[in-house]
Amino acid sequence: MATIKPFRAIRPTKDKVAFVASRSYEEYQEDELQSILKFNPFSFLHIINPGFKFEKSITGKERFKLVRNRYLEFLEDTVFEKDESPCFYLYEITNTNFKSLGLFCATSVEDYRSNTIKKHEDTIEKREVLFADYLKTVGFNAEPVLMTYKDDIVIASILEKEIQKDPTYNFTTTDKVKHQLWKITNEETIGVLQDNFAKMDALYIADGHHRSASSNLLAKELSAVNKEHSGSESYNFFMSYLIPESEVKIYEFNRMVRDLNGLTKEEFLIQLDTIYRIEKKEDGIYKPSKKHHFSMYLDGEFYSLYLRKKVYQFTDSLSKLDTQILYKTILEPILGISDLRNDKRISYGYGKYNLIKMKDNIDSGSFAVGFGLVPITVAEIKAIADAGLVMPPKSTYIEPKLRSGLTIYEI
């Protein structure tokens, strides 16, 4: 039984929303970031980069306090406004590749604890604690957790009916992405949506494992010191964006390794031959086309690698995952990479032209070998989560990527 709640969002005013909403901070190149901070006073980036005002790089708890100050200034200057009553927020993103229609809502930390909200990635305790401290200090959350749910005819029909109405927001950003948002205020509609989500066995985190874990950690801390804790307090929930499985877009992360772990090219290929059937490809860029099948770029040439299934045994859903297969058959035993998250010898890439970028990096001598994979599916993510297992790092690059500052959840 999945619990979702409407909430009173802090939102940009209609005339400023296109200026406020920003991509994730990490997505900006330094020159682009500085240009936006200099020429767009309404950008949400001013809130999360408060040191710009003082021409100083500020970190730690001092930064958290200044983030809070900038947020209050946006409220005082009526860049932001707060809705009068709790709402669901229907949000559609449209670009050249795909369209997604989902629901901003508050989801329950209790569901997270009971595994009704399911995970497929490990979190790092240090990052959990840091972000929980950040949330406690700033008092709001502007980056929702992206979750997916099984396609539902009733929910889809309600959402389709809602988008026939005039949107509250309708704007296009400079990356040619169209954004539309509708407020769902009707109590009966809200109730029907809640009832239908309550019939679901689970919601699955697609992106935002650390955000949800940190919200859970903060809820434990605040409930422990609240003598009148009831479970209905805002800290018992966190903001999420829910989309049906059919509207999740998953891309692969390719892998590049800086050296062959002391092996010659011939020695490396001989070791690979034990586990893979290897074929050299003569026709330029080569991309794998199916599961358990990889492309490899080595010494100016592309190869296809077909897993010898009589050598490698499938034991569970994790063992069938291509990123796990690559790790267990090549990266760890042959190339000596055991820590996929922290080893500096391995790097990851994603995107439409990533195989070309991988080739260029290897041709330049920055890396020795690269591996291309096919994208992981939603079904595989669910199987891993249902089994309580964890994917290797950088297994999925998932879209949609949501804008910060579009809806804000106060804690």
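User: How many disulfides does the structure hold?

Analyst: Zero disulfides. Keep in mind that this is a predicted model.

User: Is C87 buried or exposed?

Analyst: Buried, because its relative accessibility is 1%. The cut-off for buried is under 20%.

User: And C105, buried or exposed?

Analyst: C105 has 0% relative accessibility, so it counts as buried.

User: Switching to strands. Which strands form the open sheet, and in what order?

Analyst: Six strands in the order β15-β17-β16-β19-β14-β18, with antiparallel pairing.

User: Which strands stand at the edges?

Analyst: β15 (276-281) and β18 (346-349). Each has a single partner strand, so one side of each has no neighbour in the sheet.

User: By how many degrees are neighbouring strands of this sheet turned against each other?

Analyst: By 25 degrees on average, direction ignored.

User: How many bridges join β15 to β17?

Analyst: Six, and the two strands run antiparallel, with β17 covering residues 301-307.

User: Which helix lies across β15?

Analyst: Helix α10, residues 265-273. Besides β15, helix α10 lies across β16 (293-298), β17 and β19 (369-372), and it runs at about 170 degrees to β16.

User: OK, β10 next. Why is β10 largely enclosed?

Analyst: Because five of the seven residues of β10 (residues 178-184) are buried, the strand is largely enclosed by the rest of the structure.

User: How many bridges join β4 to β10?

Analyst: Seven bridges join β4 (residues 88-94) to β10, and the pair is antiparallel. Within β10, L181 stands opposite Y91.

User: What about β9 and β10, how many bridges there?

Analyst: Four, again with the strands running antiparallel; β9 spans residues 169-172. T172 has K178 in β10 as its bridge partner. The hairpin of β9 and β10 has five residues between the strands, and K176 takes a positive phi near 70 degrees there.

User: Helices now. At what angle do α4 and α6 pack?

Analyst: About 35 degrees, with the axes 8 Å apart. Helix α4 is residues 60-76 and helix α6 is residues 125-138. The crossing of α4 past α6 is right-handed.

User: Which residues meet there?

Analyst: From α4, K61, R63, F64, K65, V67 and R68; from α6, L130, D133, Y134, T137 and V138. By class, that contact has five nonpolar, one polar and five charged residues.

User: And at what angle do α6 and α9 cross?

Analyst: Roughly 65 degrees, and their axes come within 8 Å. Helix α9 is residues 209-225. α6 passes α9 in a right-handed crossing too.

User: Which residues make that contact?

Analyst: α6 gives R127, E128, V129, F131, A132, L135 and K136. On the α9 side are H210, R211, A213, S214, S215, L217, L218, E221 and L222. The contact of α6 with α9 has eight nonpolar, three polar and five charged residues.

Technical notes. Residues are numbered from 1 along each chain as its sequence is written. This is a predicted model: local features need pLDDT of at least 70, side-chain atom pairs count only at pLDDT 80 or more; totals for chains, interfaces and linings use all residues. Side-chain values use heavy atoms; hydrogens and water are left out. Two strands pair if DSSP finds at least two bridges between them. Axes are lines fitted to C-alpha atoms, for helices over the stretch in contact, and angles run from 0 to 180 degrees between N-to-C directions. Contact means heavy atoms within 4.5 Å. A crossing is left-handed if the near helix is turned anticlockwise from the far one by less than a right angle, and right-handed if clockwise. Ala, Val, Leu, Ile, Met, Phe, Trp, Tyr, Cys and Pro count as nonpolar, Asp, Glu, Lys and Arg as charged, and the others, Gly among them, as polar. Buried means under 20% relative accessible area, exposed over 50%, partly exposed in between (1.4 Å probe, protein chains only). A disulfide is a pair of cysteine sulfur atoms within 2.5 Å.
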